[in-house]
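Let's walk through this model together, from the overall layout down to single side chains. Keep the sequence and the 3D view side by side as you read.

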Amino acid sequence: MARKTGARRILRRRSGEAKQRERLSEMLTRIANDPSRERISVGDLLDVMNLRAFGALILIFGFPNMLPAPPGLAGVLGLPLIFLSFQMMLGRLPYLPKFITRQSTSREAYRAIVERAAPWLARAERLLKQRLSLLTSPVFERFLGLVCLILSLVLVLPIPFGNMLPAFALCVIALGLLERDGLWVLAGLTLACAALAIVGGIAYAVVKSAVFVLLNAF
């Protein structure tokens with residue numbers, strides 16, 4: 001009897017470790033292949049990802065902004081990023097308003113997106129490992145929330161090509177948070193500084209050009 005009890009404890013422990021080791025690409029694929037789901041909502045993703053939701057959701061909302069997209073998309077996807085970053089800065093659990101969590105798509109459409117994104121995400125995950133734990137500690141995570149909030153605010157500004165670089169920095173930081181990889185977090189912070197400098201330069205040039213045109217038009 002004691003042996004059976006010990007065996008069950010070992011199985012439960014191994015099961016818990018396997019769940020902890022499940023990576024984002026595996027989680028997204030598992031949700032996509034779940035036949036019980038007709039539609040996938042943002043709320044479903046938030047529930048499944050649990051405490052890993054900050055990094056996962058920042059990555060999900062940030063990644064589309066790295067690609068050429070129709071005008072206005074950055075504003076739509078940037079709003080959840082602002083919500084999540086602000087909460088991370090305050091050290092709270094991830095929460096999104098109902099009008100965001102209710103947004104959903106069909107499982108087939110979701111699976112088509114996952115099938116394209118998962119291989120690239122899996123390649124990135126193979127490079128990730130737990131290191132430089134200080135940069136992923138709860139205290140430092142609040143600072144990262146502030147950085148992500150600034151990047152999110154810049155991302156939604158109507159600056160030509162001003163959303164791609166901040167989105168890239170957000171995604172690298174998010175990947176580092178997901179796997180507790182401080183090296184990737186450090187790389188993301190470096191990219192964030194570069195992104196803010198470049199976007200700031202673009203914004204300055206746009207404003208200066210607009211002022212020049214206005215001054216010479218009258």
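Is Asp44 buried, partly exposed or exposed? Asp44 is partly exposed, because its relative accessible area is 22%, and the scale calls a residue buried under 20% relative accessible area, exposed over 50% and partly exposed in between (1.4 Å probe, protein chains only).

A word on the ground rules before we go on. This is a predicted model, in which local features need pLDDT of at least 70 and side-chain atom pairs count only at pLDDT 80 or more, while totals for chains, interfaces and linings use all residues. Residues are numbered from 1 along each chain as its sequence is written, and side-chain values use heavy atoms, with hydrogens and water left out.

Here is the overall layout. The protein chain contains ten helices and two strands; these are DSSP runs numbered from the N terminus, with helices being H or I of at least four residues and strands being E of at least two. Followed along the sequence, the pattern is α-α-β-α-α-α-α-β-α-α-α-α. Of the 218 residues in the protein chain, 39% are buried. Among the contacts (heavy atoms within 4.5 Å) with a separation of 6 or more, 73% are between residues 24 or more positions apart.

How far can you trust each part? The guide is pLDDT, the predictor's confidence in each residue, from 0 to 100. The protein chain averages 79, and 82% of the residues score at least 70. Confidence is lowest in helix 1 (residues 2-21), with a mean of 44, and highest in helix 8 (residues 138-156), with 91.

Now to helix 3, which spans residues 42-49 and has Val42, Gly43, Leu45, Leu46 and Met49 buried. These residues lie on the same side of helix 3, because they cover an arc of only 160° around the axis, where the arc is that of the directions from the helix axis to the C-beta atoms.

Next come the charged pairs. Side chains of opposite charge can pair when their charged atoms come close. The structure holds five salt bridges, each one a side-chain nitrogen of Lys or Arg within 4 Å of a carboxyl oxygen of Asp or Glu. One of them joins Asp44 to Arg37 at 3.9 Å, N to O. Arg37 has a relative accessible area of 22%, so Arg37 is partly exposed.

Another salt bridge joins Glu108 and Arg111, at 2.7 Å from N to O. Glu108 and Arg111 are about one helical turn apart, because three residues separate them in helix 7 (residues 107-126). Glu108 is partly exposed at 46% relative accessible area, and Arg111 is partly exposed at 23%.

A further salt bridge, between Arg180 and Glu141, has an N to O distance of 3.1 Å. This pair links distant parts of the chain, 39 residues apart: Arg180 is in the loop between helix 9 (164-178) and helix 10 (182-217), and Glu141 is in helix 8. Arg180 counts as partly exposed at 33% relative accessibility, whereas Glu141 is buried at 18%.

A search of the whole structure finds one aromatic pair. The rings of Phe140 and Phe143 have centres 5.3 Å apart and planes at 55°, so the pair is tilted; rings of Phe, Tyr and Trp (its six-membered ring) pair if their centres lie within 6.5 Å, with planes under 30 degrees apart counted as stacked, over 60 as edge-to-face and the rest as tilted. Both residues lie in helix 8, three residues apart, about one turn of the helix.

Glu125, in helix 7, is buried at 3% relative accessibility. Not counting residues up to four places away in sequence, Glu125 touches Arg23, Leu24 and Ser25. Leu59 lies in helix 4 (residues 53-62) and is buried at 9% relative accessible area. Beyond four places in sequence, the contacts of Leu59 include Leu24, Leu121 and Cys171. Leu59 and Val172 are 113 residues apart in sequence, yet 8.2 Å apart in space, C-alpha to C-alpha.
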